[in-house]
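Please read the following note alongside the sequence and the model.

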Protein chains: 2
Amino acid sequence: MYIQAAGKAKTNVEKEGEKVALIVQKFGGTSVGSIENIQNVANRVIEEKKHGNNVVVVVSAMGKTTDKLVGMARELSSNPSRREMDMLLSTGEQVTISLLTIALNAKGYDATSFTGWQAGIKTEPIHGNARITDIDTSIVAAELEKEKIVIVAGFQGLAEGGVITTLGRGGSDTTAVALAAALKADKCDIYTDVTGVFTTDPRYVDNARKLSAISYDEMLELANLGAGVLHPRAVEFAKNYGVSLEVRSSMEKESGTVIEEDVEMEQNLVVRGVAFEDEIIRVTIIGLSNSLTGLSSIFSLLAKNQINVDIIIQSITEGQPASLSFSIKNEDLTDTIKILEKNREALEYDRIEWESELAKISIVGSGMISNPGVAAEMFNVLALNDIVVKMVSTSEIKVSAVIDQEKMLEAAKILHEAFQLSGNLVSHKHSL
Amino acid sequence: MYIQAAGKAKTNVEKEGEKVALIVQKFGGTSVGSIENIQNVANRVIEEKKHGNNVVVVVSAMGKTTDKLVGMARELSSNPSRREMDMLLSTGEQVTISLLTIALNAKGYDATSFTGWQAGIKTEPIHGNARITDIDTSIVAAELEKEKIVIVAGFQGLAEGGVITTLGRGGSDTTAVALAAALKADKCDIYTDVTGVFTTDPRYVDNARKLSAISYDEMLELANLGAGVLHPRAVEFAKNYGVSLEVRSSMEKESGTVIEEDVEMEQNLVVRGVAFEDEIIRVTIIGLSNSLTGLSSIFSLLAKNQINVDIIIQSITEGQPASLSFSIKNEDLTDTIKILEKNREALEYDRIEWESELAKISIVGSGMISNPGVAAEMFNVLALNDIVVKMVSTSEIKVSAVIDQEKMLEAAKILHEAFQLSGNLVSHKHSL
């Protein structure tokens, strides 16, 4: 993204010698899911304003609005145009921004709402999953100069030719972070229905513990691994532009998890979290004659068809046709098989097999870089508990293993315990 | 309105020597009130397209959508900002345009949707009741060149500074007519839940008969008098730009009522219609010392506060303070009294009185111009039936009388009969 300077408008206004901070707050669909919840969000915004800060608020569509709109479109067409879906879905946030502004006005606070296009958010000309290319902050900055609270519709932008686009899943997170970067905000608070980032999913593992801080890279791995609190694209954006994030609860007052570049290691924590994701499929292509170009042909084809491939393993035995395994999400199986079979001759393979009801379990932590034995320890722990590892993928700060889905939660609990993520660790202190 | 020429784009495309007509169709909230109704509208659009015509469709928000949105805003504030209400309400039509486009696509027709601002509809910077100042037709014309069906959100536009505005009641009618004018369309069809313009309201008067044609001026009087099928502003627009209108049913196939400049007189019809409206209040200001400037001061003040005054009667007896009566709608009574009392000293009057539960009944017809006895006949008919006339207002083609509300329907039936509007008149023929 190219970020246009806010021009002469200073968004971090100096006020009687004291610096006024600029805070971007993002509230998701659940947080604005009802009139009562919108009142609650208005109060959180006012609290921040009362601290003397300038506030930009990014909101999603109310609760189930998007589902309702999608439902209506599906009644009319099994394959609605993506342009029209963006036109349709972008109304959801537009309703929320006006309602939140009306709520703030009623409580005596000056606020103005802006759709994505009004707030100068420009995107690629791609529907349903556009990336932000530029933000012209002049209109928002002018409102902040007047000390108004600015409410911006998340998830949406404008492509060349004046066409409305949406940013895809987690798009409102991205809007918030991109605006924070463009406006040089002091902080971007992501309000959600959990109190922060946990060592693992607290819904399934009792001892899950909230982390007070985590690095961008760790969060990126966790986000990509389906921890779900924060969209990976937003984390990447924050990392690239050095936006300090905090994930916190919209309902509770406690501080959340801060995400920034340099995070002090919590005591002895090599592994910072355990993530898991079910509904994984392993697809295996057997007898791939052209092992040289086969790999790129297959994955170009899948990418072109919007199929997200995760782990890839290729095994070549000299003189024999190669085999290739990769993992995808369950929802992409039908399309994947259809596309591969349609191109069987061009891709020159013998046959396809797949295995379903798999899960991916991962451990994440910056500390792994200097601790080479971590992956080995993970496999050891799994083996001791009779959990078979079917695929492996590693990065400098992550190890993922594909296992049977029915063993997923057991594996999560065992690893969470083995890497000492639960229990009474001294909490990491961080001044907010 | 200044209408920007469509540039090099010819909207009435010459096609193999045969002229392709451009038809603007407008469908109101009831016509698009459900997924099923949207399917029905799509079929009506396709029918027109199949005739070889180019089609621009203007739609309102689905049925009760606007009420729902207003309800949510009211839960948050008793007096929501007009800017935010426009932001909120304009989502209603945006939902409809995308759904209708999806429906057309599913039926195999190429269509593209545009919000008001995307369609180049510019308005005054007034919220809730803006007037269209200009239409830049270039984007819509470019789509028509490609023979695409163009779907435009009614009721909304964009004011300077990129702010969303709405056009107020009947706004979608105005959008349709303004687009028809700007695109030099051959015809503008207003689809609604009635089959045309009637001699009087068929819900209350059994003998009400559908007119095959009516002039702009007559329609303007009828529209202003609350006949409700078509917004007066839209009719005025159509008259000024010579847009040929037809009011017709979205559910039935029969032809409707054509509205254009020169309409042949239907047999012996001096009066073309009887309109009536209840919930009228007569306000009387007694003892107005400054009869010279008092009138303009009072009505400037009321206009500034968006109060619509209809009939005005001033009686001056030399040497005495003047009295002044005017009629307003019931809903404006509280505001009117509040404003007048607040400015009592400046306006220099003695006291205010008002009478409620009144109604206005009107007869309309171009034939009146050459028939001076029509008003007298109306008063005579009312008097013979013991209906007291409390205020009168006349124009060249209309006579209105304010009477007791409880006599309204009786008066409508009597006048409808007296002016021979019911019965087996030879239907006026008009080629469509």
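1. In β12(B), B:Lys187 is the bridge partner of B:Ile23. Strands here are DSSP runs of E with at least two residues, numbered from the N terminus. The pairing of β12(B) with strand β4 (residues 22-27) of chain B is parallel and extends over five bridges; two strands pair if DSSP finds at least two bridges between them.

2. β12(B) is also joined to strand β14 (residues 245-249) of chain B by five bridges, and these two strands run parallel. Here B:Cys188 has B:Leu245 in β14(B) as its bridge partner.

3. Six of the six residues of β12(B) (residues 187-192) are buried, that is, under 20% relative accessible area with a 1.4 Å probe, protein chains only. B:Lys187, B:Asp189 and B:Tyr191 lie on one side, B:Cys188, B:Ile190 and B:Thr192 on the other, and both faces are covered.

4. Chain A is divided into domain 1 (17-193) and domain 2 (273-418), with bounds from an automatic or database domain assignment. Their C-alpha centres lie 36 Å apart.

5. The model is predicted: local features need pLDDT of at least 70, side-chain atom pairs count only at pLDDT 80 or more, and totals for chains, interfaces and linings use all residues. Residues are numbered from 1 along each chain as its sequence is written, chains are lettered from A in the order in which they are written, and side-chain values use heavy atoms, without hydrogens and water.

6. Chain A averages a pLDDT (the predictor's confidence in each residue, from 0 to 100) of 87, and 90% of the residues score at least 70. Over residues 1-11 of chain A, however, the pLDDT is below 50. Where pLDDT is low, the predicted coordinates should not be read in detail.

Notes. Buried < 20%, exposed > 50% of the residue type's maximum accessible area, 1.4 Å probe, protein only. Helix = DSSP H or I, 4+ residues; strand = E, 2+ residues; numbered from the N terminus. Contact = heavy atoms within 4.5 Å.
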